[in-house]
Amino acid sequence: MGYVAVKGGTLAIEESIKRLKYERLKKGTVLECARIEGGMRALIDQVMSEGSLYSETLAAIAIKQAEGSPEEAVFLLKAYRSTLPRKHYSCTVESTDMFVERRISASFKNIPGGQILGAAHDYTLRLIDFALQDETDEGAVRWLNRFESEKSGIDVQGADLDNLPKVLDVLRNEGLLLPCGDNDREPDDVTKESVQFPTSRSQRLQILTGGQTGAVTSLGYAALRSFGALHPTVGELRVGNLPIYVGSLLGEGQAEEDYYYIGDIKVTEAETIFPVTVQKENGRKEIEFGIGYGMCYGQNETKAIAMSILDRCLESGDAGYPVYDEEFVLLHINSVESTGFISHLKLPHYVTFRSELDSVRKTRKGKGTVGEDEGERP
Amino acid sequence: MRMKYQFAFFDEGSKREIRRATLKAVAIPGYQVPFASREMPIARGWGTGGLQLTLSLVGKDDRLKVIDQGSDESVNAVNIKELIGKTTGIAITEETGEATLIQSRHRIPEIPLHAGQILVLQVPLPEPLRYFEPSEYETKKLHAEQEYSGAWLMLFEQIMKYGHMSTGADHPVLVHKRYVMAPSPIPRFDNSKLNDSEALILLGAGREKKIYAVPPHTEVVSLDFEDFPFVVEPFQGVSCRLCGARGVYMDEVHDEETGETLYQCNDTSYCLQRLNEKRG
């Protein structure tokens, strides 16, 4: 009897893991990673963004292993990231170098370079398309061929897609934006040193961009709806590819021609505008515009806009609402941290609960089941 | 794409970074050293702080023991052992005396630790002052100024409300007469084992990104008042239903048929060892 009562956990756990694999495979079909990469662009983008690791291939494997759960897939990706040596920092990226697929502005109708709708769910009716049940690979290829031939007939109005001007420059040139120079301080790497409060802007942006999509959206929404009542205007929202370069190993001070191009990343960038009251001389007040900034991997537009709202909140500092408090926002939006700590409640708490039980029993004098009511001196 | 994981999971740069924070922690007993906690293949809140310490310290000759709330076979312990076993191939033991490195969730083994051993405790909430001060920025200042009246006040309020200190596990301690420290949710019963320990005790909080330490032979005192001394969970007149041990931390077991409350050692490897000795 003795051995049974204290042992046996390992076997049960092994069986549970088998059961999980069974659930993934029980219908006798296997989801190929290539199909995930092909058809689950949005999930891949979300997982890469929350996982802070840009690799569609790895994200697809993680999604497969996680049976499509974003929190699990992000977890896998982040854990894998911990095994990778950091060899380089990339060179500074200018978002004006983006090869734009989509770019819209809600502030001006006519913007230099034009509004480019690109691909977005925004303009669709959310009716379930039952025809998708019968979609075939052959049908897809036929559709693609037709799409290509249609496209060649349309006149692309000669827009220079990898050199579009920024919408905010219009305001900047009029002197309506709060002036801010380039901040060329080396960014603090939050993966190398844990954040200490108060944080730097680079730390805030890194944490926000890696935040859980739902959490960033909810907190941004709270600031927008009532707690802080900020109503920004989207100055410009861009989706497109940015080229990434690294410097040579030989040291600093090298010419730009010596940088190595290592590939493109797709990102969403949001620049939002907020009216700010500025005190001038003699107590006179003026309204100028402040900016909120959001950028994340992949096409994650809601997250990028919500991030820009939170960036603005944290920049302006404490206004009496939690979403302006950097500890409240930054320490609670990381998916691996929040889901991990909540799921740890499923672990045994036998010892800690026993200890708590003892305290509870003591407060209800005479109801303890053990020996004397008083505790022992150690 | 197929990748091999390397010895002890991390790249060497990460291990060095964690060891550097650990050295600082040892040099300032009880002080919470911030470190860039890595994401692990085990969930945050499931011992990733302890795990990172263990992985940064483990060498090929180490013998590892992992305990979860007293048991070597509980979910958390099994997970962690499997990960470390898979990525290092080192020997794993259940015997406390044999292990060079012991990672534990919320218990200090019953068998006294000896010099040369390292005990790694997993910490969910490293900040003993968090209960009354939610801001990290503020608690850091309180520690720097050794302003601990809040900690005492918390205990005082418990006495006023309930007639005694009502901390469950994780009763705060004063380390080396300087820092108030959360001993991790070990039962109050285990607090005294921190004092003047032969072994090095390291505490790691992965989610909260802190490492702290109680070096060997450091004074650790549980906070209390002269007229309300610190007391541990009582186990007088109680013995283990399996091995008959007394004076150790017990789990309560409820017998479904008789409705009786029975007791057995919480430290399962201690219990087994006693059983085996009896049989042997």
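1. **Pairing of β2 and β4, chain B.** In this predicted model, B:V66 stands opposite B:Q103 in β4(B). The two strands involved are β2 (residues 63–68) and β4 (residues 101–105) of chain B. They pair in the parallel sense, over 5 bridges. Strands of a sheet pair through backbone hydrogen bonds, either parallel or antiparallel.

2. **The chain B sheet.** β2(B) and β4(B) belong to an open sheet of 7 strands. The order is β1-β9-β8-β5-β4-β2-β3, and the pairing is mixed. β1 (33–34) and β3 (91–92) of chain B stand at the edges. Each has a single partner strand, so one side of each is left without a neighbour in the sheet. Helix α2 (residues 48–57) of chain B packs on this sheet. The helix touches β2, β4, β5 (118–122), β8 (200–205) and β9 (210–214) of chain B. Its direction makes about 125° with that of β8(B).

3. **Helices α1 and α2, chain B.** From α1(B) come B:K15, B:I18, B:R19 and B:T22. They meet B:Q52, B:L53, B:L55, B:S56 and B:L57 in α2(B). By class, this contact has 4 nonpolar, 3 polar and 2 charged residues.

4. B:A8 lies in the segment before α1 (12–27) of chain B. Its phi is near 60°. That is a positive value in a residue other than glycine.

5. **The chain A sheet.** Chain A has an open sheet of 4 strands, in the order β1-β2-β3-β4. The pairing here is antiparallel. At the edges are β1 (99–104) and β4 (285–297) of chain A, each pairing on one side only. Neighbouring strands of this sheet are turned by 20° against each other on average, direction ignored.

6. **Strand pairs in chain A.** β1(A) runs antiparallel to strand β2 (residues 233–246) of chain A, and 5 bridges join the two. Within this pair, A:F99 stands opposite A:N241 in β2(A). Strand β3 (residues 260–279) of chain A pairs with β4(A) over 13 bridges, again in the antiparallel sense. There, A:T268 has A:C296 in β4(A) as its bridge partner. β3(A) and β4(A) form a hairpin with 5 residues between them. In the turn, A:N282 has a positive phi of about 60°.

7. **Helices α10 and α11, chain A.** Two packed helices are described by the angle between their axes and the distance between the axes. For α10 (residues 213–225) and α11 (residues 301–316) of chain A, the angle is about 55° and the axes are 8 Å apart. That makes α10(A) oblique to α11(A). Their crossing is left-handed. α10(A) contributes A:T213, A:V216, A:T217, A:L219, A:G220, A:A223 and A:L224 to the contact. α11(A) contributes A:T302, A:K303, A:A306, A:M307, A:I309, A:L310 and A:C313. Sorted by class, the contact of α10(A) with α11(A) has 9 nonpolar, 4 polar and 1 charged residues.

8. Side chains of opposite charge can pair when their charged atoms come close. A:R201 forms a salt bridge with A:D311, with the closest N and O atoms 2.8 Å apart. A:R201 lies in helix α9 (residues 201–209) of chain A and A:D311 in helix α11 of chain A, so the pair ties together parts that are 110 residues apart in sequence. Over all chains, the count comes to 41 salt bridges.

9. Which way is the bond from A:F197 to A:P198 set, cis or trans? It is cis, with omega near -5°. A:P198 lies in the loop between α8 (168–173) and α9 of chain A.

10. **Helices α4 and α5, chain A.** Helix α4 (residues 41–51) packs with helix α5 (residues 56–65) of chain A. The angle is about 100°, with the axes 9 Å apart. That makes α4(A) roughly perpendicular to α5(A). A:L43, A:I44, A:V47 and A:M48 in α4(A) meet A:E56, A:A59, A:A60 and A:I63 in α5(A). The contact of α4(A) with α5(A) divides into 7 nonpolar, no polar and 1 charged residues.

Methods
Residues are numbered from 1 along each chain as its sequence is written. Chains are lettered from A and ligands numbered from 1 in the order in which they are written. This is a predicted model: local features need pLDDT of at least 70, side-chain atom pairs count only at pLDDT 80 or more; totals for chains, interfaces and linings use all residues. Side-chain values use heavy atoms; hydrogens and water are left out. Axes are lines fitted to C-alpha atoms, for helices over the stretch in contact, and angles run from 0 to 180 degrees between N-to-C directions. Angles under 35 degrees count as roughly parallel, over 145 as roughly antiparallel, 65 to 115 as roughly perpendicular and the rest as oblique. A crossing is left-handed if the near helix is turned anticlockwise from the far one by less than a right angle, and right-handed if clockwise. Contact means heavy atoms within 4.5 Å. Ala, Val, Leu, Ile, Met, Phe, Trp, Tyr, Cys and Pro count as nonpolar, Asp, Glu, Lys and Arg as charged, and the others, Gly among them, as polar. Two strands pair if DSSP finds at least two bridges between them. A salt bridge is a side-chain nitrogen of Lys or Arg within 4 Å of a carboxyl oxygen of Asp or Glu.
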